[in-house]
Structure formats: structure tokens, C-alpha cells
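Visitor: I would like to learn how to read a structure like this one. Please take me through it feature by feature.

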Amino acid sequence: MTVDTMTIRQPDDWHVHLRDGDMLRTVAPFTARQFARAIVMPNLVPPVTSVEAARGYRARIVAAAGSGFTPLMTCYLTDQTDPDALAHGFEEGVWAAAKLYPAGATTNSASGVTDIRNIMPALERMQRIGMVLCVHGEVTDPEVDVFDREAVFIERFLEPLTQVLPEFKIVFEHITTAEAAQFVRDSGPQIGATVTPQHLIINRNALFAGGLRPHTYCLPVAKRERHRLAVRAAATSGSPKFFLGTDSAPHAREAKESSCGCAGIFNAPFALESYATVFEEEGALDRFEAFASVNGANFYGLPLNEGAVTLGRSEHRIDDEIAGLVPFHAGETLKWKVAGLS
Ligand code: NCD
Ligand code: ZN
């Protein structure tokens with residue numbers, strides 16, 4: 001039986017880049033149109049490392065997104081992160097989580113952590129106070145093939161970290177491989193993962209479809225088809241460990257279409273529609289609400305949203321450009337459309 005409309009509890013986005021300044025004002029409304037809350041990535045220039053910076057950024061997001069949207073702030077971990085200041089910011093309710101970027105792994109990660117041993121006191125403190133760690137799970141070792149960096153990160157860092165800190169709540173962000181899906185599935189309930197629309201929909205062939213396609217490039221980069229299928233199976237399995245995190249990461253068109261193009265896919269305009277299409281294709285629409293609106297909140301220990309969002313079946317072509325940016329699915333037709341919030 002096919003359904004023509006579905007109403008689910010209002011979802012949250014557990015991983016998004018909202019940027020700052022004009023870009024923030026451009027992109028925030030797309031996220032706020034669908035999501036009640038979002039875990040906001042701190043990789044601004046300079047990165048968001050202090051409570052004062054987070055307070056200011058949060059206020060600018062609220063101004064850009066309008067009422068009804070709650071940004072959840074994350075602390076960008078560096079080699080210098082002070083465990084006391086971090087814990088204080090968490091206890092004050094400023095930080096929802098902290099973000100670990102291995103230095104050099106991705107956009108604006110130069111100030112990230114150069115050696116995980118440098119932040120062990122901060123990580124131990126986080127475990128003790130129940131503060132979530134969001135991890136960009138890729139090694140930066142240039143000897144490791146770009147397509148293997150996530151799988152190698154599990155062996156070298158994640159597995160050992162979970163041995164040393166067995167109660168530590170960790171979100172393995174934007175998983176892209178069968179190895180990551182399996183690691184999360186086989187771990188205890190303290191390990192979760194976010195999944196993006198693009199890693200459910202494209203494999204690495206999309207990067208080279210008829211020529212170089214910069215708008216399909218993000219980090220972690222899309223992998224082989226067998227990995228896409230494994231990530232899809234995990235996300236639609238009904239397991240509470242997997243939840244929605246778009247990793248919407250807008251860059252100006254010139255920054256993408258360049259001799260050294262930036263990593264990041266701007267998927268915010270139709271994120272929920274993208275995910276709904278995947279769940280329908282997998283015959284898993286009955287599990288969509290848990291993935292989008294329940295599992296993440298439960299993992300973070302936050303209340304579920306009260307509102308609802310309705311999606312309707314309606315074929316619509318995605319514009320080639322939205323607000324001057326090239327969106328995910330540009331020029332394609334999607335089958336679902338957000339009809340409204342209630
Ligand atoms: C992100 C960005 O542009 O900030 N890019 C991306 O490809 N996802 C950084 C990140 O999350 O890795
Ligand atoms: Zn990201």
C-alpha cells in the first residue's frame with residue numbers, strides 16, 4: 001500500500017554547518033523550516049572554542065533562523081581545551097556536546113586535535129559528566145588512502161578509545177562505510193551515529209559522472225556501492241543507534257567549482273524529503289520517525305519535540321540553484337515534499 005501523506009513528530013538535525021554572517025542568514029531558514037533543533041558544528045573561522053563565542057554565535061543563529069528553532073552548540077576541541085572550562089560550559093547549558101576534528105581532516109579543522117593523547121583529560125571529564133563527543137572519524141595520515149580513512153580511524157582511535165573510556169557517549173558522525181555501520185551496531189548503547197542523505201543516496205561514482213562533479217564532493221567522501229548499501233541498511237534497520245544528521249555544508253559556488261574545490265554538500269533545502277525517499281525505497285517508512293525524530297533526542301537525553309511535520313507525496317523538480325547555492329539533488333525530481341509544521 002502506498003501512502004500519500006505522512007505526519008511525524010518534528011525532527012531534529014544532529015549535525016549541521018550553519019556558517020556565519022550573510023551565509024548564516026541565507027541558509028538557517030532552510031534548516032529551521034523542517035527541524036526543531038540542530039547540533040551546530042563549530043568549525044567557523046576562528047573556531048567556536050569558548051562559551052562567550054558560543055553564546056554570541058547562538059544569538060546570531062536565533063536571529064537568522066527565527067523563533068521556534070533551537071540551536072544546540074558544540075565546543076571545538078583543540079590541543080589546548082581546558083577540561084574545567086569545558087565542563088563548566090556544559091553544566092551552564094551552553095555546550096550540548098564537543099566536537100573532535102583530527103587536525104587537517106576537513107574544512108576549517110586546522111586548529112583541531114593533533115594527537116588524541118593531548119585531550120585525554122578533557123575526554124575523561126566528558127565521560128564523567130555525561131557530555132557527548134561528536135567525532136569526525138577519519139585519520140589524517142597521508143599514507144592512508146582517502147577512501148580508507150574512516151575504516152582506519154576505527155582501528156587506530158575509536159576502538160581503543162572505547163576500551164579506555166567504556167561509558168563515554170560518542171556520536172560517530174556522518175558514517176560512510178560498512179565498517180563504521182558494523183562498529184556502531186556491535187558497540188554498546190553509548191555509541192551512536194549520524195547518517196547524511198548523500199551517503200544514503202550516492203556512491204563514489206557520482207563524483208565522476210560524465211566529468212568531475214564538485215557538488216557531490218564532501219568529507220568523508222562517498223564510498224563504493226557496497227558501503228552505501230550497508231549504511232542504508234543500518235539507517236533503516238530500526239536500531240536506535242542511528243539518527244538523522246544532514247551535515248549540510250554550504251560553500252559559495254566559486255569555492256566548489258574551483259581548481260581546489262571545498263568539501264561540503266548543501267542539502268538543507270530538501271533534507272527531510274531526501275531521507276523520506278530512501279526510507280520509502282527500503283520499505284521502511286514505519287521506521288522513519290524514529291530515525292528522524294526520536295533516536296537522536298534519546299541519545300542526547302533531550303525531550304522529544306511536541307510539534308509535527310507533514311510530508312505529502314508530490315513530484316517536484318529541485319532548482320539548479322537555491323539562494324545562489326547549488327543544492328543536493330539540483331535538477332532532479334523528488335517524490336516527497338514538506339507540506340508544513342503543526
Ligand atoms: C564540512 C564543512 O564544509 O564545514 N564539509 C563536509 O564536506 N562535510 C566539514 C565536515 O563536516 O567535514
Ligand atoms: Zn560536518
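**The ligand shell**

Guide: By class, the shell around ligand 1 holds four nonpolar, nine polar and two charged residues. Ala, Val, Leu, Ile, Met, Phe, Trp, Tyr, Cys and Pro count as nonpolar, Asp, Glu, Lys and Arg as charged, and the others, Gly among them, as polar. This is a predicted model, in which local features need pLDDT of at least 70, side-chain atom pairs count only at pLDDT 80 or more, and totals for chains, interfaces and linings use all residues. Residues are numbered from 1 along each chain as its sequence is written, chains are lettered from A and ligands numbered from 1 in the order in which they are written, and side-chain values use heavy atoms, with hydrogens and water left out.

Visitor: Which residues come nearest to ligand 1?

Guide: A residue is near a molecule if one of its heavy atoms lies within 4 Å of it. Of the 15 residues around ligand 1, the nearest are N43, T106, L219, D247 and H251.

Visitor: Which polar side-chain atoms lie by an oxygen atom of ligand 1?

Guide: A polar contact is a pair of N or O atoms within 3.5 Å. For N43, a polar side-chain atom is 2.8 Å from an oxygen atom of ligand 1; for H136, the distance is 3.4 Å. G264 uses a backbone N or O atom, 3.1 Å from an oxygen atom of the ligand. Taken alone, ligand 1 exposes 310 Å², and the protein buries 100% of that; accessible areas come from the Shrake-Rupley method with a 1.4 Å probe.

Visitor: Where are the cis peptide bonds, and what is omega?

Guide: Most peptide bonds are trans. A cis bond joins V45 and P46, with omega about -5°, and P46 is in the loop between β3 (37-40) and α2 (51-65). Another cis bond joins L219 and P220, with omega about -10°. Helices (H or I, at least four residues) and strands (E, at least two) are DSSP runs, numbered from the N terminus.

Visitor: What is the phi of R19?

Guide: Most residues other than glycine have a negative phi. R19, which is not a glycine, has a positive phi of about 60°; R19 lies in the loop between β2 (13-16) and α1 (21-32).

Technical notes: Polar contact = N/O pair within 3.5 Å; in protein donor to acceptor, adjacent residues only side chain to side chain.
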